[in-house]
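Here is a briefing on a predicted model. It covers charged pairs and nonpolar packing.

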Amino acid sequence: MNPAVMQQGNPIKIAILAMGGQGGGVLADWIVDMAEHAGWWAQTTSVPGVAQRTGATIYYLELLPEAEVRRAGKQPALALMPTPGDVDLVVAAELMEGGRAIQRGLVTPERTVLLTSSHRSYAVSEKSAPGNGIADPNKVLEAGRAAAKRFLCFDLQDLADRAGSVISASLFGAVAGSGALPFSRDDFEATVRRAGLGVEASLRAFALGYESADQAPAQPAPIDLARPVPAVPERAASPKAQALLDTIKRDFPACAQPMLAVGVRRQIEFQDLAYATEYLRRMKAIRDLDAAHGGEARQWALTCAAARYVATAMAYDDVIRVADLKTRGARFDRVRQEVGARADQLVYTTEFMHPRLEEICGTLPAGLGRWLEGSKVFGGFVERRLGRGRRMQSGTLGGFLMLYTLAGMRRFRRSTLRHQAEAAGLEQWLDLIARLAPRDYALAVETVNCRRLVKGYSDTHVRGGGKYRQLIAAAEQLAGRPDAADTLRLLRETALANEKCGPMERQLAEKLAA
């Protein structure tokens with residue numbers, strides 16, 4: 001560990017970028033407390049982002065030894081904001097925040113130590129993209145290697161979780177281990193002890209962060225983006241579930257078994273064992289279709305693709321599922337952990353609910369829901385009461401019971417208007433695949449993959465569903481053409497790359513006119 005070298009007369013300048021709940025303020029306060037106990041002048045300011053995930057809060061610190069103040073003979077005037085090209089240490093509590101620090105010019109190869117966690121907290125734009133909107137983390141690593149004097153990057157959130165603490169503690173340890181500040185390890189640990197809250201867990205996280213930074217390579221290695229194939233479990237939780245697992249292992253090709261096991265688990269979670277049995281029945285029909293048209297020679301491409309997308313089509317996102325996810329104990333535990341709540345603190349989560357008329361009617365029995373969906377009086381009532389959305393607290397008794405009651409409607413799901421619409425669409429899609437496979441195997445596989453566009457709920461589901469239906473119609477129009485599969489794949493990629501339908505529609509018109 002090389003101790004920090006400070007230019008005489010200049011303060012040490014530190015920028016910390018953290019999102020809400022990541023303890024950036026705690027980390028800044030610890031550094032200030034440590035510096036002041038060591039006889040330094042210290043100042044911290046913060047500039048909050050626009051929102052929790054559209055802009056992190058920047059905490060800016062300047063530290064100056066008391067000896068420098070006495071030499072100057074007057075109190076120092078310390079800056080309130082970081083200046084591009086004039087920061088000694090940048091600490092980011094999430095990888096993309098480190099990238100944003102580089103974009104802002106806060107990281108320079110002449111002087112800046114860049115320390116960032118490698119874990120990701122996905123932005124809204126990444127999660128709401130039609131396709132895979134997740135940014136490539138290795139581009140940030142490449143930029144960090146070029147932009148920083150020294151670059152340290154490892155999963156500090158994982159270290160905190162292993163220690164039963166929060167990321168601010170592991171970040172504090174990594175700052176100590178980096179040698180970027182001229183304080184001893186004892187100074188850092190004494191600061192944690194003075195805080196007096198969760199000391200033992202914080203010190204465990206501190207130690208893990210310290211060791212990781214002290215032993216860090218000169219440059220961080222690229223992040224492996226490959227997704228491991230899920231393992232097929234040996235045993236199921238119940239005899240009935242075991243029968244389904246045995247069916248998967250006996251009746252399906254090995255390459256499809258991992259996804260089929262995941263699909264069965266999802267159907268049980270979404271509905272029940274009978275629904276999972278129905279999923280396997282549909283998959284057996286596709287496997288037989290695949291086998292009859294050369295699937296084994298093609299590595300069972302049709303069966304493997306269908307194992308994933310039939311599962312997601314059957315376990316769609318509806319109001320009942322959303323309510324179920326929002327009332328799970330694991331979710332409340334995760335929120336408490338993210339905000340760093342103590343055991344004696346109450347945490348209230350405010351949910352923004354914006355149900356559309358179609359979603360409300362979709363939870364009702366099919367006949368009643370269809371009638372109300374066509375009622376102008378009921379539609380006007382919903383628009384007046386819910387047109388701008390409503391906020392509710394799921395942690396209160398009233399809010400929780402309302403969501404819990406909605407989640408309990410799962411037993412009636414098969415009779416709802418939404419389920420009937422989803423089931424009818426699923427059967428039409430499977431029928432099209434069965435008609436295409438004998439004529440054009442590759443086109444049938446691409447038609448299965450078009451289901452990737454359908455995801456989420458509310459407006460996200462409407463946008464993706466509209467594109468999906470256009471692509472399914474295009475598949476029928478393209479059938480018989482030698483380039484049908486390639487054309488449909490290109491159309492799907494265009495649809496996934498653009499939020500609007502226009503680019504895909506123009507491309508389709510050009511292909512059909514050719």
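Arg342 and Asp344 join their side chains in a salt bridge, at 3.3 Å from N to O. Arg342 is partly exposed, at 38% relative accessible area. Asp344 counts as exposed, at 62%. Elsewhere, shared partners link salt bridges into one network of Glu269, Asp317, Arg321, Asp324 and Arg328. The structure holds 32 salt bridges.

**Asp318 and Arg413**

- Asp318 forms a salt bridge with Arg413, and their closest N and O atoms are 3.0 Å apart.
- Asp318 sits in the loop between H13 and helix H14 (319-326), while Arg413 sits in the loop between H19 and H20, so the pair ties together parts 95 residues apart in sequence.
- Arg413 has a relative accessible area of 1%, so this residue is buried.
- Asp318 has a relative accessibility of 6%, so it also counts as buried, the cut-off being under 20%.

**Arg414 and Asp272**

- A salt bridge joins the side chains of Arg414 and Asp272, at 4.0 Å from N to O.
- This pair links distant parts of the chain, 142 residues apart.
- Arg414 belongs to the loop between helix H19 (397-407) and helix H20 (417-436).
- Asp272 belongs to the loop between helix H11 (257-270) and helix H12 (273-292).
- Are these two side chains buried, exposed or partly exposed? Arg414 is partly exposed, with a relative accessible area of 36%. Asp272 is partly exposed as well, with 29%.
- In general, side chains of opposite charge can pair when their charged atoms come close.

**Nonpolar cores**

- The largest nonpolar core has 56 residues.
- Which residues have the most contacts inside this core? They are Leu260, Tyr279, Met283, Leu302, Val310 and Trp429.
- Helix H13 (residues 301-314) gives the most to this core, contributing nine residues.
- Val310 touches Tyr279, Met283, Ile286, Trp429 and Leu430, leaving aside residues up to four places away in sequence.
- A second core is separate and has 45 residues, among them Leu63, Val91, Ala163 and Phe188.
- In soluble globular proteins, nonpolar side chains tend to be buried together.

**Recap**

- Arg414 and Asp272 pair across 142 residues of sequence, whereas Asp318 and Arg413 pair across 95.

Note on methods:
Residues numbered from 1 in each chain as written. Predicted model: local features only at pLDDT ≥ 70, side-chain atom pairs only at ≥ 80, totals over all residues. Heavy atoms only, no water. Core = buried A, V, L, I, M, F, W, Y, C linked by side-chain atoms within 4.5 Å. Buried < 20%, exposed > 50% of the residue type's maximum accessible area, 1.4 Å probe, protein only. Helix = DSSP H or I, 4+ residues; strand = E, 2+ residues; numbered from the N terminus. Contact = heavy atoms within 4.5 Å.
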